[in-house]
Amino acid sequence: MSLLIGKERLSEQKVTRLLTDELSQRCKQNLGILLSVKDEAVEKIVEEAYDPKYGARPLRRKMESMIEDPLAEKILSMQIKRGDEIMISVEGDEIQIVQ
């Protein structure tokens, strides 16, 4: 299945990768945190969220709940700080935030 954005057809993985790349840029520019997201984490989000009926909206919401919210909690609790390098990966069946 693919999504139509403008005149370009994108797969769910490409859409999710665009969303994670955007998050990585925001982390770098606004927080000084280097964030990388492994392909397996992108695939996990797509696997759990994609619904052809609703398009990319569930992908964004799932990314927020699986990556952005836990990442924000770690930043607010000072477990992650400016200058840290963070990797988002999958261990077992869960997305993990690894420093």
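I began with glutamate 47, which forms a salt bridge with lysine 44, and the closest N and O atoms are 3.7 Å apart. For this I took a salt bridge to be a side-chain nitrogen of Lys or Arg within 4 Å of a carboxyl oxygen of Asp or Glu.

A note on the ground rules: this is a predicted model, where local features need pLDDT of at least 70, side-chain atom pairs count only at pLDDT 80 or more, and totals for chains, interfaces and linings use all residues. Residues are numbered from 1 along each chain as its sequence is written, and side-chain values use heavy atoms, with hydrogens and water left out.

**Around Lys44**

I looked up where the two partners sit: glutamate 47 and lysine 44 are three residues apart in helix H2, so about one helical turn separates them. Helices (H or I, at least four residues) and strands (E, at least two) are DSSP runs here, numbered from the N terminus.

Next I asked myself: is lysine 44 buried or exposed? Lysine 44 counts as buried, at 5% relative accessibility, while glutamate 47 is exposed with a relative accessible area of 61%. My cut-offs were under 20% relative accessible area for buried, over 50% for exposed, and partly exposed in between (1.4 Å probe, protein chains only).

Lysine 44 has another partner in aspartate 93, with the closest N and O atoms 2.6 Å apart. This pair links distant parts of the chain, since aspartate 93 lies in the loop between E4 and E5 and lysine 44 in helix H2, 49 residues apart. Aspartate 93 is exposed, at 51% relative accessible area. I then followed the shared partners and found Lys44, Glu47, Glu48, Lys62 and Asp93 joined into one network of salt bridges.

**The rest of the search**

How many salt bridges does the whole structure hold? My search found eight. One of them pairs glutamate 68 with arginine 26, the closest N and O atoms being 3.6 Å apart. Glutamate 68 is in helix H3 and arginine 26 in helix H1, 42 residues apart. Glutamate 68 is buried at 16%, whereas arginine 26 is partly exposed at 34%.

Last, I checked isoleucine 88 for contacts (heavy atoms within 4.5 Å). Leaving aside neighbours within four places in sequence, isoleucine 88 is in contact with residues including Leu35, Ala41, Ile67 and Ile95.
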